[in-house]
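Q: I would like to learn how to read a protein model feature by feature. Please give me the general idea each time, and then the case at hand.

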Amino acid sequence: TEIYTLSLHDALPILRSLTPLFSTARLSVVGGRSFCSGFGDDLEENTFNVQNHQRLQQLVRSRRYEQAQQYYENLVRQGIQPTLTSNYIIADVLVKQDKDDEAFQLLESLKQESSFVDARIYNPIVTAFAINKKIDKAEDLIESMKQDNINPNGGTYSGLLRGYASEGMMEKAVEIVTTMTNAGIVPNQQTYFNLIDGYVRAQQMQEAKDVVEQIKSDGGMPTNQMYQALMRGYFKQGDIEAALNVLEDMKSSGNELDVRIYNTLISGYASNERFDDANNTLEQMKENGITPNMFTYSGLVRGLCRHEKFDEALETVETMKETGVDRTRQVYGIIISGLIKAEQPQKALDVITIMKQDSINPLSFMYSDIVSLFEKQGDETRAREVADAAEQERESFLAAKEERRNNRNSQKQQGDFGF
């Protein structure tokens with residue numbers, strides 16, 4: 001994932017997972033899972049680390065929620081202790097699977113096992129409900145906090161604001177900022193970013209820009225993440241001039257261009273069929289010592305496919321190979337989806353072949369979309385051939401997976417018996 005500016009509230013759990021400055025937090029078990037319930041003590045080395053968090057987040061982003069839950073449980077069974085960050089992630093996973101009861105069980109267990117119950121115990125659950133279209137439950141939970149004489153903190157309100165903003169409920173989102181201020185809580189940069197991002201999603205660009213201007217008039221410095229959101233919104237509206245004005249404003253404010261800003265420029269140009277500008281920006285990026293990443297190229301690929309320039313998109317993938325940038329299933333998926341939309345099933349199948357040569361396994365829906373398109377075009381024979389080949393490939397994959405599992409179990413048994 002791309003690095004972005006974190007608020008202290010968001011950064012603290014990561015810092016805790018990296019440094020042995022806090023003592024071990026107690027664990028409680030909910031539905032067969034253990035959860036970290038302590039704050040402020042020394043964390044031992046056997047806690048969830050950044051790599052564990054990133055792996056969980058990758059699984060969540062790819063919507064493999066059950067697999068994320070299994071990964072979490074396996075680490076806990078190995079004695080790896082969860083952190084506040086992993087509590088946020090697993091709460092999100094539970095709510096995404098509509099396992100709300102388990103999320104509430106998690107909360108109750110954390111409350112029972114913690115020596116000091118404050119808003120941090122509630123915040124992972126509040127945020128999970130808020131960002132997953134269950135704002136009413138988030139609101140009820142905050143009322144429950146107040147009834148228990150627990151004051152919401154910045155993290156509580158930020159989670160709720162993020163939920164309102166994602167649903168386009170901007171009046172409610174603004175009310176949250178007012179509530180925070182009245183409670184003596186100073187909104188941080190992440191809070192303001194969520195507000196700006198909400199306005200951008202609602203295509204209320206003037207309001208988003210006004211928030212940035214307010215930050216500057218209050219003596220603050222808008223972050224690159226805020227400027228990135230503004231640029232993205234203007235590019236989406238096709239207003240390239242306004243996007244570039246934001247870029248100039250960012251430069252004049254003293255912010256330096258980073259990989260995220262360049263990626264936004266390249267993606268914005270490509271989505272608006274300004275491919276020469278996109279490629280020139282890519283070259284400028286390299287000249288300024290900033291290495292393009294997967295997001296750089298995927299933005300370019302998406303723009304090319306949107307305008308049905310599939311050969312150029314595949315050439316971009318080749319460039320990624322040549323420069324050592326990881327190709328992901330997502331990049332190939334963009335091209336395949338574009339070809340399906342353009343009703344070119346054979347070319348989509350050819351991309352799957354290239355994808356497998358790159359040691360990336362296609363997902364089942366890629367085949368099913370191609371089969372459906374052949375059927376739509378009246379080519380039942382080709383549709384059946386692809387469906388049969390996909391099923392054989394699936395069976396081979398499952399057989400190989402079972403063989404690997406048996407080999408691991410056999411090796412483990414030999415180890416247990418001292419062989």
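Predicted model: local features only at pLDDT ≥ 70, side-chain atom pairs only at ≥ 80, totals over all residues.

Q: How many helices and strands does the chain have?
A: Start with the inventory of secondary structure. This chain has 21 helices and two strands.

Q: What share of the residues counts as buried?
A: Burial is read from relative accessible area, with under 20% counting as buried. Of the 419 residues here, 46% are buried.

Q: What part of the contacts comes from residues 24 or more positions apart?
A: Take the contacts in the chain with a separation of 6 or more. Residues 24 or more positions apart account for 60% of them.

Q: Which residues touch the most other members of the largest nonpolar core?
A: In soluble globular proteins, nonpolar side chains tend to be buried together. In this model the largest nonpolar core has 113 residues, and those touching the most other members are Tyr 122, Ile 125, Leu 195, Ile 196, Ile 335, Ile 336 and Ile 370. Helix α6, residues 119-131, supplies the largest share of this core, with eight residues.

Q: How do α10 and α12 pack, and at what angle?
A: For a helix pair, read the angle and the axis distance together. Helix α10 (residues 189-201) and helix α12 (residues 224-236) have axes 9 Å apart and an angle of about 0°. Angles under 35 degrees count as roughly parallel, so α10 is roughly parallel to α12.

Q: Which residues meet in that pair?
A: List both sides, then sort by residue class. From α10 come Gln 189, Gln 190, Tyr 192, Phe 193, Ile 196, Asp 197 and Val 200, and from α12 come Gln 225, Met 226, Ala 229, Leu 230, Arg 232 and Gly 233. The residues of this contact of α10 with α12 divide into seven nonpolar, four polar and two charged. Ile 196 was also named among the core residues that touch the most other members.

Q: At what angle do α19 and α20 pack?
A: The steps are the ones used for the previous pair. Helix α19 (residues 345-357) and helix α20 (residues 364-376) pack at about 160°, and their axes are 9 Å apart. Angles over 145 degrees count as roughly antiparallel, so α19 is roughly antiparallel to α20. The crossing of α19 past α20 is left-handed.

Q: Which residues make the contact of α19 with α20?
A: On the α19 side they are Pro 345, Gln 346, Ala 348, Leu 349, Ile 352, Met 355 and Lys 356, and on the α20 side Met 366, Tyr 367, Ile 370, Leu 373 and Phe 374. By class, the contact holds 10 nonpolar residues, one polar and one charged.

Q: Where is Gln 377, and which residues does it touch?
A: Gln 377 is in the loop between α20 and α21 (380-416). Its relative accessibility is 42%, so Gln 377 counts as partly exposed. Not counting residues up to four places away in sequence, Gln 377 touches Glu 343 and Pro 345.

Q: Is Thr 316 buried or exposed?
A: Compare its accessible area with the cut-off. Thr 316 lies in helix α17, residues 310-322, and is buried, with a relative accessible area of 8%. Leaving aside neighbours within four places in sequence, Thr 316 is in contact with Tyr 297, Leu 300, Val 301 and Leu 304. The C-alpha atoms of Thr 316 and Leu 304 are 9.5 Å apart, and the two residues are 12 apart in sequence.

Q: What is the phi of Lys 133 and of Glu 308?
A: Lys 133, a residue other than glycine, has a positive phi near 60°. Lys 133 is in the loop between α6 and α7 (135-147) and is exposed, at 63% relative accessibility. Glu 308 is not a glycine either, and its phi is positive at about 60°. Glu 308 sits in the loop between α16 (294-306) and α17, and is exposed with a relative accessible area of 52%.

Methods
Residues numbered from 1 in each chain as written. Heavy atoms only, no water. Core = buried A, V, L, I, M, F, W, Y, C linked by side-chain atoms within 4.5 Å. Buried < 20%, exposed > 50% of the residue type's maximum accessible area, 1.4 Å probe, protein only. Helix = DSSP H or I, 4+ residues; strand = E, 2+ residues; numbered from the N terminus. Contact = heavy atoms within 4.5 Å. Axes fitted to C-alpha atoms, helices over the stretch in contact; angles between N-to-C directions. Parallel < 35°, antiparallel > 145°, perpendicular 65-115°, else oblique. Left-handed = near helix turned anticlockwise from the far one by under 90°. Nonpolar A, V, L, I, M, F, W, Y, C, P; charged D, E, K, R; others polar.
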